[in-house]
Amino acid sequence: MSRSALVGNVTAMLEDAGFLVSERCAIRPKSFDVAARRGEDLVLLKILGNIDAFDGTTGEEMRRLGTYLDATPMVVGLRTRDEDLKPGVVYFRHGVPVFNPDTAMELFVEGVPPLIYAAPGGLYVNIDGDLLADERRERGWSLGQLATELGVSRRTVSKYEDGMNASIEVAIQLEEMFDQPFSSPVEVMDGAEEVRDAEPTPDDPDPESDDEHVVHVLTRAGFTVHPTARAPFKAVSEDDERRRDFMPMLTGHSAFTRSAEKRARIMSSLGEVTQTRSVYFTENQSKRESVEGTALVSCEELADIDDPDDIRDLIRDRSQEPTEA
């Protein structure tokens, strides 16, 4: 299957599941392919045939964007260089959950989260330790007795009951032994924090030199600006602690060309899904004030405005505020 067809299939699946899906980010560089929202759930999806193409820089970018936009970054893929991705299993690349389209279908359409995750050494599941302890005591078994049945140490059983995850082989043994499952779902929509190694959000990259004056103006206007490296926009700007009347904002910057117009249109679609404003700062004047909801503001106009509130008003007047999902 071609990557384009795979993106189309995943997008159609999300729409069937009731998600509002953005226009595909068919521009380079791009750290993700589509954004999708259903209620409070917002996901940023990278869709690949071979997930080995998902590198560390892209993973860091997606994790930063997930923090700024209150979204969950995910990768949907078919295989690695060595093997196909197994259905019902969550993998991880650079701190981002990865799974195949069948798992995505179960999660998004059927509402069934995966139970198994891959980690060094094999496949694992979350064990409900409290339930295991209750069932063991009800049967009248000591820690040592259960350990003998499982072929593990008493200390290992104690760790299972304290919340340590178990191999899939042990989980199957427990299910057969007690005639009930002890596995808990992997909460993928929360970033699978309970099973992946926790890592701090990577630092922002430095802004490109051509963008520094725009960053300076936005900072002066009361925004915290987070530059991006591979997103379809140059930065995510958040209102500072003192002023909460302005939603987060996606910003672009370049001469206003046909390519810039395409980028501004994609930013509009992303803004609708992520519930952010979008503004494109241009190095040349344009007769238009917006592109499908993305405000167009020339750097010449910015230079003529001294009052930060006037900058905010200009952006607000020209941009379209997304409707609540």
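Is Gln275 buried or exposed? With a relative accessibility of 19%, Gln275 counts as buried, where buried means under 20% relative accessible area, exposed means over 50%, and partly exposed covers what lies in between (1.4 Å probe, protein chains only).

## Basis of the description

This is a predicted model, in which local features need pLDDT of at least 70 and side-chain atom pairs count only at pLDDT 80 or more, whereas totals for chains, interfaces and linings use all residues. Residues are numbered from 1 along each chain as its sequence is written, and side-chain values use heavy atoms, with hydrogens and water left out.

## Overall architecture

The protein chain contains 11 helices and 16 strands, taken as DSSP runs (H or I of at least four residues for helices, E of at least two for strands) and numbered from the N terminus. Its C-alpha trace spans about 80 × 45 × 35 Å along the principal axes, and buried residues make up 51% of the 325 residues. Contact here means heavy atoms within 4.5 Å; among contacts between residues at least 6 apart in sequence, 61% join residues at least 24 apart.

## Nonpolar cores

In soluble globular proteins, nonpolar side chains tend to be buried together. A nonpolar core is a set of buried Ala, Val, Leu, Ile, Met, Phe, Trp, Tyr and Cys residues joined through side-chain atoms within 4.5 Å. The largest such core has 54 residues, of which Phe32, Leu146, Leu174 and Phe233 touch the most other members. A second, separate core of 26 residues includes Val10, Leu14, Val76 and Leu107.

Setting aside residues up to four places away in sequence, Phe32 touches Cys25, Leu44, Leu45, Lys46, Met62, Leu65, Pro232, Phe233 and Leu270.

Within helix H3 (residues 101-108), the residues Thr103, Ala104, Leu107 and Phe108 are buried. They lie on the same side of H3, because they cover an arc of only 115 degrees around the axis, the arc being that of the directions from the helix axis to the C-beta atoms. The elements that cover the buried residues of H3 include helix H1 (3-16), strand S2 (34-38), S4, S5 and strand S6 (96-99). At the start of H3, a side-chain oxygen of Asn100 comes to within 3.1 Å of the backbone nitrogen of Asp102. A polar contact is a pair of N or O atoms within 3.5 Å; within protein, one must be able to donate a hydrogen and the other to accept it, and residues adjacent in sequence count only if both atoms are side-chain atoms.

Lys86 belongs to the loop between strand S4 (72-79) and strand S5 (89-93) and, at 37% relative accessibility, counts as partly exposed. Beyond its neighbours within four places in sequence, Lys86 is in contact with Tyr91, Asn100, Thr103 and Leu123.

## Aromatic rings and charges

A search of the whole structure finds 4 aromatic pairs. Rings of Phe, Tyr and Trp (its six-membered ring) pair if their centres lie within 6.5 Å, and planes under 30 degrees apart count as stacked, over 60 as edge-to-face and the rest as tilted. Trp141, Phe178 and Phe182 form one aromatic cluster.

A charge sits over a ring if NZ of Lys or CZ of Arg is within 6 Å of the ring centre and within 35 degrees of the ring normal. The charged end of Arg139 is placed in this way over the ring of Trp141, 5.0 Å from its centre, and Arg312 lies over the face of Phe223, at 4.9 Å from the ring centre.

## Two residues with positive phi

Asp179, although not a glycine, has a positive phi of about 60 degrees; its place is in the loop between helix H7 (168-178) and strand S10 (183-184). Asp179 is exposed, with a relative accessible area of 70%. Gln275 also has a positive phi, near 60 degrees, in a residue other than glycine, and lies in the loop between helix H9 (258-274) and strand S14 (277-282).

Gly252 lies in strand S13 (residues 249-254) and is buried, with a relative accessible area of 2%. Apart from neighbours within four places in sequence, Gly252 is in contact with Lys234, Met267, Val279, Tyr280 and Phe281.

Arg318, in helix H11 (residues 308-318), counts as buried at 16% relative accessibility. Not counting residues up to four places away in sequence, Arg318 touches Glu289, Ser290, Gly293, Ala295, Leu296, Val297 and Glu301.
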